[in-house]
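Here is a short briefing on a protein structure. Look at the sequence and the model first, then read the points below.

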Amino acid sequence: MQTYDLVILGGGPGGYPLAVRMARKGWQVAIVDAADEFGGTCLNWGCIPTKALLASARNYHQLKNAADFGLSCSEAGFDWQKIQERKRRITVQLRQGIIKLLEKSGVKIFNGRGQLCKNRLIRVTSNEDGSVSEIQAKKICLAVGSVPAAPGVFPTDREIFWTSNEALNADNVPESLLVVGGGVIGIELGQVFAEFGSKVCIVEMMPQILPGLDNATAKRLLPVFKKAGLEILVGKRVESLVEKNGKAVATIDGGEREFDKVLIAVGRRVNMSFMQDSDLQLETEKGFIRIDENFMTSEPDVYAIGDAVKGPMLAHKASYDAMILVEQWQGKKVAADYSLVPSCVYTHPEIAWVGLSEDQLKERQIEYKTGRSMFSANGKALTAGEGDGQIKTLLSPDGKLLGAVIWGPEASNIINEATMMSQFGIDSHAFGMMIHPHPTLSEAFMESIENATGEGVHG
Ligand SMILES: Cc1cc2nc3c(=O)[nH]c(=O)nc-3n(C[C@H](O)[C@H](O)[C@H](O)COP(=O)(O)OP(=O)(O)OC[C@H]3O[C@@H](n4cnc5c(N)ncnc54)[C@H](O)[C@@H]3O)c2cc1C
């Protein structure tokens with residue numbers, strides 16, 4: 001039996017960068033993934049497929065509104081199968097890239113379900129023929145990610161009651177869709193189907209959509225999404241869900257409504273399949289694998305990163321965990337800090353935020369000043385037909401950025417200015433001296449900072 005320096009369970013955005021980085025440092029590394037394809041949730045059932053569908057939805061919207069740009073288009077149409085095919089092509093291309101990268105770095109790949117056993121032994125059941133092999137490791141990293149949580153109160157028939165996995169691979173666009181949960185996944189997928197003609201109703205039991213987003217922005221976005229064709233009910237509960245004559249019947253706030261399909265988007269849970277029939281006990285904490293500040297689990301030399309451990313369930317957080325772990329294994333005294341993990345929603349309009357929200361600043365009684373800028377005053381946004389939206393920045397009295405929230409064009413890219421400013425402690429005056437090209441959307445971010453300090457030309 002071969003002994004590896006490191007065996008990683010899971011080839012998602014946590015696992016595969018860790019494998020590549022450590023192999024490049026000369027470690028003997030093996031990676032095991034239970035799915036037939038590498039790339040994890042992010043590439044196969046998450047970030048990339050949703051963004052591919054959202055891109056088709058956005059372009060379809062543009063086509064329908066071509067006249068806004070002085071263009072004519074006799075009939076805007078779509079072919080759902082081709083949209084799905086495009087999505088698949090993109091994921092295949094990216095998957096092939098990951099496999100090449102792993103191979104080039106000398107990482108040994110195992111396709112199969114890994115089971116964690118005592119004394120850093122991994123038992124792999126091959127996807128291909130079900131045969132079982134054993135791998136010994138000096139260190140193990142569990143980058144096993146998460147799967148959709150579908151609590152027992154919901155029906156299990158996945159024909160009608162979808163999780164995000166079924167929604168992403170839908171054969172056609174349902175006439176009506178109920179989305180249970182107004183988080184990122186529910187809102188993004190809701191917008192995809194609404195754009196292609198579904199009557200979409202999103203029900204969120206909390207008082208606002210998108211938990212973590214500041215309350216004022218979440219409220220401000222409700223009419224924006226309504227205009228985009230989404231019916232959103234906040235502070236309402238789906239009390240029951242049953243199948244009747246091939247349709248879903250939902251009781252919402254005491255009233256019955258019928259839908260063709262339901263997307264259950266109420267969260268995700270750690271994929272604990274590596275513990276199935278294991279001779280080992282691993283401690284968990286609130287459903288996540290418990291780790292210390294060095295990512296070590298309750299089992300010596302067994303580590304865990306990404307969705308499987310505490311912190312935001314995001315692809316870039318999983319990759320960040322991997323990076324910190326590499327630094328720690330090289331003897332550097334660093335610890336993970338999730339205070340500046342940006343959150344992004346890739347709807348139209350996009351939404352992004354980082355750092356502390358206005359609600360949190362008030363709650364913690366931290367002094368701050370607010371800066372705002374509107375995309376309706378930004379040349380680049382107007383030329384692109386994207387004048388809706390705004391940027392809010394929150395600065396300390398000495399000009400350090402405490403938090404930012406953006407809704408509008410390219411919010412997910414512009415937010416990097418905020419993260420950088422906060423992470424490197426750049427104050428508002430120094431930031432104002434940085435030359436932003438004109439015309440760009442990022443100028444709106446600079447305007448917002450200058451608005452907070454009163455140094456802005458445009459107010
Ligand atoms: C619909 C949707 C959209 C999303 N959009 C975004 C987005 O836009 N941006 C963003 O940052 N995040 C997004 N996410 C979240 C993101 O996908 C996850 O946070 C990220 O993939 C977590 O990475 P990971 O490496 O921890 O785990 P995963 O990506 O889940 O990878 C874990 C891998 O481990 C494998 N595995 C599990 N158990 C075993 C076992 N026993 N043996 C072998 N292999 C095993 C799995 O097959 C899987 O391939 C989205 C998620 C969903 C569902």
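In what order do the five strands of the open sheet lie? The order is β19-β20-β23-β22-β21, and the pairing is antiparallel. Keep in mind that this is a predicted model.

- Strands β19 (343-345) and β21 (369-374) are the edge strands. Each of these two pairs on one side only.
- From one strand to the next, the twist averages 10°.
- Strand β20 covers residues 350-355, and strand β23 covers residues 401-408. These two strands run antiparallel and are joined by six bridges.
- Find Gly 355, then look across to β23: Gly 403 stands opposite.

**The helix pair**

- Helix α1 spans residues 15-24, and helix α4 spans residues 80-104. The two pack at an angle of about 30°, and their axes are 9 Å apart.
- Why is α1 called roughly parallel to α4? Angles under 35 degrees count as roughly parallel, so the packing angle puts α1 roughly parallel to α4.
- The crossing of α1 past α4 is left-handed.
- On the α1 side, Tyr 16, Ala 19 and Val 20 make the contact. On the α4 side, the contact residues are Ile 98, Leu 101 and Leu 102.
- Which classes of residue make up this contact of α1 with α4? There are six nonpolar residues, no polar ones and no charged ones.

Note on methods. Residues numbered from 1 in each chain as written. Predicted model: local features only at pLDDT ≥ 70, side-chain atom pairs only at ≥ 80, totals over all residues. Axes fitted to C-alpha atoms, helices over the stretch in contact; angles between N-to-C directions. Helix = DSSP H or I, 4+ residues; strand = E, 2+ residues; numbered from the N terminus. Parallel < 35°, antiparallel > 145°, perpendicular 65-115°, else oblique. Left-handed = near helix turned anticlockwise from the far one by under 90°. Contact = placed C-beta atoms within 7 Å. Nonpolar A, V, L, I, M, F, W, Y, C, P; charged D, E, K, R; others polar. Pairing = 2+ DSSP bridges.
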